[in-house]
Amino acid sequence: MEITIPAIDNRPAGFRAVLAEFWAYFSENRGAVAGLIFFVVIILIALFADLIAPHGPNVQYRDALLQPPFWQVGGDFRFLLGTDATGRDMLSRLIYGARYSLFIGCIVVSLSLVVGIVLGLMAGFFRGKVDTFIMRIMDVVIAFPSLLLALVLVAILGPSLINAMIAIAIVQQPHYVRLTRAAVMTVMTKDYVTAARVIGVRSPRLMFVTILPNCMAPLIVQAALSFSTAILDAAALGFLGMGAQPPTPEWGTMLAEAREFILRAWWVVTFPGVAILTTVLAINLMGDGLRDALDPKLKRS
Amino acid sequence: MLVYFLRKLGVIIPTFFGVTLIAFVFIRLLPGDPVLLLAGERGMSEQRHAELMAQFGFDKPVIVQYGVYLKQLFSGDFGTSIITKKPVLEEFATLFPATIELSLCAIILAVLFGLPAGMIAATKRGSIFDHTVMTGALTGYSMPIFWWGLLLIILFSGVLGWTPVSGRISLLYYFEPVTGFMLIDSLLSGQQGAFASALSHLILPAIVLGTIPLAVIARQTRSAMLEVLSEDYVRTARAKGLSPARVIGLHALRNALIPVITVIGLQIGVLFAGAILTETIFSWPGIGKWMVDSIFRRDYSAVQGGLLLIAVIVMFVNLVVDLLYGLINPQIRHTD
């Protein structure tokens, strides 16, 4: 079963049908729905961090350094998940941290998606020298272990959250280019593309209006999966001191600051990691559901 | 097969030059004077600066500089570390066995647990075991491994006191490296307790580094197995009255292994990326920690050499995997 937009312009109805079919498949997968719900909760937390967080992310309570969570001896309800070494509320920092992770995911995915689509479309559409040139560059990028290349790129650009995002977007680029190119090459053999060509549709319109919408399924899946990779890689860079810089409440950076207290205060190490893991897990669950619902090959098998 | 090999080679050679170009450009893109970066000397005189400029070849046109750089590479000169003043290749070679030892143990763990887990999950599709394995695999796949390492340290080193926190072997033992692999060297040294010490240092990092490959292998084995189990020849084997163990172990597994082997091979890049984090957490003296340390010490000459060497190794391993894949699966040779 392939999703094709009919040539006659009854798009609203067609689009709604596609969406309904997609939801029918997606909602069959309980894990995916759970992932989606959790993801929406994270988005809400990030949006309303100012309202939800009991304290400011960088407010230091000098009377409560490394205070344990409320259920442990020495903890109280003022700081539900305890405080870190400078007396900042863990819960509030985690809540504000959700903003950074979602922001990183959005920026990285949009950057690599847009550039990847353009390059992949060009490679798959024009073939020949353009194709060879683009794909050889992508081969080079992919030859490096992703985190290593990102680290080196950040070393060049200087350690900061923005530069970490740029580096991760560059590292993820080849996957989008390869996927788009492969999808474009399949779509190019279809009769409706030939038909459009015969009517005299010009190249840019052919590329973006006729071909691209029919290549979106694998790209959407990849976007979901690389959203989680982006969060993981940015946290790793933050952890190594090459991403967001202290006192930013980014989860990876929080872990880096917490490292020296690992054997004394388990909560400063545990909670940021739980936040990263659950967020990434929710997105991956969602991504799996998206793939099953959108991938024509796996459907009904 | 030869055509297939040549085609692969035709792709890898331009990639190799691309990789050298990246390493070459890297040092010139860094903010600051490349001569100062490479020499690592402070407060040098004008004359010394000009001298070094000529020595490193920065006074020549860029294209000539690249030619010189390539020539040096092919004669085995990957630069000299600014901090230790030793050749980068030599440093790399001394640290590399530690990374290989760790990566090998990680991948062995991953295959040892991932393969059977994926197989059983596939044969008992929909069971509680299947759901548990798949949930576990997705969790492992989503794991921030640097945090996972810290958690294991808290549990096994902090609470239980079973394993040491860092390094490759206890300071009580000393012997000259023979193979570079601590597990083998400790056995060769004949010192009592040395092997146990090396093993206790290795186990946590190996688990941490093996987590993501384990998850990927389990998922891949399951889906490959499911695909094969629905094939006609498996039904025929069953119809002939072969025991389920024989059908699964012999007929199905052999064919399901083909994509799994590729996935295992492709984990090498993942292992290197993981080694950067794992080695940093456990102070494991391998390539990953060395690269991170070099970046922080601004030893850009070491970073440049290491970057290139790692990329070349990953490319080489991927080429070997591709060729092996072509060897065991003739279909792939004849399609693109």
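Leaving aside its neighbours within four places in sequence, which residues is A:Thr210 in contact with?

Reply: Happy to, and please keep in mind that this is a predicted model. Apart from neighbours within four places in sequence, A:Thr210 touches A:Tyr192, A:Val193, A:Ala196 and A:Arg205. The residue itself belongs to helix H9 of chain A, which spans residues 203–211. A:Thr210 counts as buried because its relative accessibility is 17%, below the 20% cut-off.

From there, let us move to another helix of chain A. A:Leu281 sits in helix H12 of that chain, residues 266–294.

On the chain B side, 42 residues are in contact with 36 residues of chain A. Together the two chains bury about 3500 Å², with 84% of that on carbon and sulfur atoms. Within chain B, the residues that lose the most area to chain A are B:Phe146, B:Trp147 and B:Leu150, together 17% of what that side buries.

Polar links can be listed as well. The rule finds one salt bridge across the interface: A:Asp288 pairs with B:Arg219, and their closest N and O atoms are 3.3 Å apart. Between chain B and chain A, five residue pairs are in polar contact, both residues being at pLDDT 80 or more. The elements of chain B that give two or more residues to the side touching chain A include helix H1 (2–29), helix H6 (128–141) and helix H7 (145–159). H1(B) supplies the largest share of that side, eight residues. By type, the residues of that side divide into 34 nonpolar, seven polar and one charged.

One last stop is helix H8 of chain B, residues 182–189, where B:Met182, B:Leu183, B:Asp185 and B:Ser186 are buried. These residues span an arc of only 170 degrees around the axis, so they lie on the same side of H8(B). On the other side of H8(B), B:Leu187 and B:Leu188 are exposed. The cover over the buried residues of H8(B) includes helix H5 (88–123) and helix H9 (194–229) of chain B. After H8(B) comes B:Gly190, with a positive phi near 75 degrees.

Note on methods. Residues numbered from 1 in each chain as written. Chains lettered and ligands numbered in written order. Predicted model: local features only at pLDDT ≥ 70, side-chain atom pairs only at ≥ 80, totals over all residues. Heavy atoms only, no water. Contact = heavy atoms within 4.5 Å. Buried area = accessible area lost by both parts, 1.4 Å probe. Salt bridge = Lys/Arg side-chain N within 4 Å of Asp/Glu carboxyl O. Polar contact = N/O pair within 3.5 Å; in protein donor to acceptor, adjacent residues only side chain to side chain. Helix = DSSP H or I, 4+ residues; strand = E, 2+ residues; numbered from the N terminus. Nonpolar A, V, L, I, M, F, W, Y, C, P; charged D, E, K, R; others polar. Buried < 20%, exposed > 50% of the residue type's maximum accessible area, 1.4 Å probe, protein only. Arc of directions from axis to C-beta.
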